[in-house]
Amino acid sequence: MIKPLQLIRIFVILSILIVPIPKVEAQSSAELPVYIVQTGDTINTIALRFGISPQDLIAANQISNPDLIPVGTPIKIPGYEGITGTLRLTAAPLGANLRTVSRQYKVEEEVIIRLNQLTSPSQIYVGSTLILPEQGQPSELRPLSTLGEGKTPLETAARFLSNPWKLLIYNQKETTARFLSHEVIFSDLPGENGGLFGSPLIKNIEITPLPLRQGKTQIVRVYTTRPLILSGSLNNVALSFFQEEENQYVAIQGIHAMAKPGLASLSLKAQDDDQSVLEFEQPILLEPGYYPQDVPLTVDPSTLDPEITQPEDELIRTITKSATPQRYWNDKFRVPVDEPCIRSWFGSRRSYNNSGYIYFHTGVDYGVCANNLNIYAPAPGRVVYVGELTVRGISTIIDHGWGVYSGFWHQNATKVNVGDFVETGQLIGEIGGTGRATGPHLHWEVWANGVQVEPLDWLEKDYP
Ligand SMILES: [Zn+2]
């Protein structure tokens, strides 16, 4: 005789057997997010990106030949149950942080953290690649505006003809009191100025090149909707902004050749006459310049004595620090010698008298390989220094305006005086071997807002 309990048991076993097992599997894998294979992807790089093992990836997708996964293949990503949609790679835009990315792409912050294995908010920086799920149609919201001082979301909504409750939903706020002043608000409406940045003051900000690199000249260009006062800093150096055109401003900034690689900070503040303020801070990746080490050099010990080098460095720093409001150049710079035979490159790490590689080469050295020793002005400018220094020898400094300076060291003689205005190609001196030099050569350096940069870039590129 079968007891009721046994009946139940049999029923349970039967029902397990009846349930179609493949369907269960299909359901659970349908819940996994999908990644579309991109050019250059391999099973290993995809596994690495999502922090899973290649074996799990192969098993979840029943891949028979892991060496052959065509671009465009949808791949299920195990370990991310609960996240649905297609995972897309998106470059973090300027102004991005966890909150703005969450709002703009309508993805919960926790999901972004999980998918991108973030351990710190600073891992979202300009140029970082984020993995974001996308459901069906692209659902990206546009930054609409920042909340002005004393403005409520209701007023902002009215101004942009939007529904205030929609704004609350889009921006993941339960009450209007949850908005902070100057927060960027997202909407399905086009922004006031159609700009990327979501501020009524700023249309766009361009930073070139990206990522930042040791020893490079960095251009920060800001397009505005009205005349503004701009200030800010890049990698802890205060920026000097100049007006290029109406509602267009630029800062030319050198990145120190020995700046610490990693995340550098860009901060900007924009202000107009109404005291509307936009303040913003953004981490940006700073990469090493991969400069080689020169052979260790031996020089007269007195030229390394801090009592001599420090006041001399300080003198040069003071001269090259101020930014003249006029811009004197309009073109690429020209080579300052007749035959540009380079003896030593900018940025190489240097060791003097067994110091260890704590120094770097601050300019480019042209050796003597021409029939003459002529030195020419590489661009128009005002001569702001002529003198003889212990380390740099007979030296000349030209101010090209907007914080850009050229320095010419170790000369045999100079042909200009302080206050002279020189034109491109004008004879300014003669190559020599004065000061801390191992032989006759011209050391030419370029300063961009108080920092020495790769001079050869200025021969190739028309800055800003
Ligand atoms: Zn040099």
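Which residue in β9 is the bridge partner of Ile207? In the predicted model, that partner is Val220. The pair belongs to the contact between β7 and β9 (residues 217-224), two antiparallel strands joined by six bridges.

Strands β7 and β9 are part of an open sheet of four strands, arranged in the order β7-β9-β13-β12 with antiparallel pairing. The edges of this sheet are taken by β7 (202-208) and β12 (241-245); each has a single partner strand, so one side of each is left without a neighbour in the sheet. On average, and with direction ignored, neighbouring strands of the sheet are turned by 25° against each other.

The sheet is set within a chain that has 10 helices and 27 strands. Of the 464 residues in the chain, 34% are buried. Among contacts with a separation of 6 or more, 68% are accounted for by residues 24 or more positions apart.

Leu373 counts as partly exposed because it has 17 C-beta neighbours inside 10 Å, a count between the limits of 12 or fewer for exposed residues and 20 or more for buried ones. When neighbours within four places in sequence are left aside, Leu373 is in contact with Val368, Asn412, Glu430 and Ile431. The C-alpha atoms of Leu373 and Gln411 are 9.4 Å apart in space, while the two residues are 38 residues apart in sequence.

Definitions and conventions. Residues numbered from 1 in each chain as written. Predicted model: local features only at pLDDT ≥ 70, side-chain atom pairs only at ≥ 80, totals over all residues. Contact = placed C-beta atoms within 7 Å. Pairing = 2+ DSSP bridges. Axes fitted to C-alpha atoms, helices over the stretch in contact; angles between N-to-C directions.
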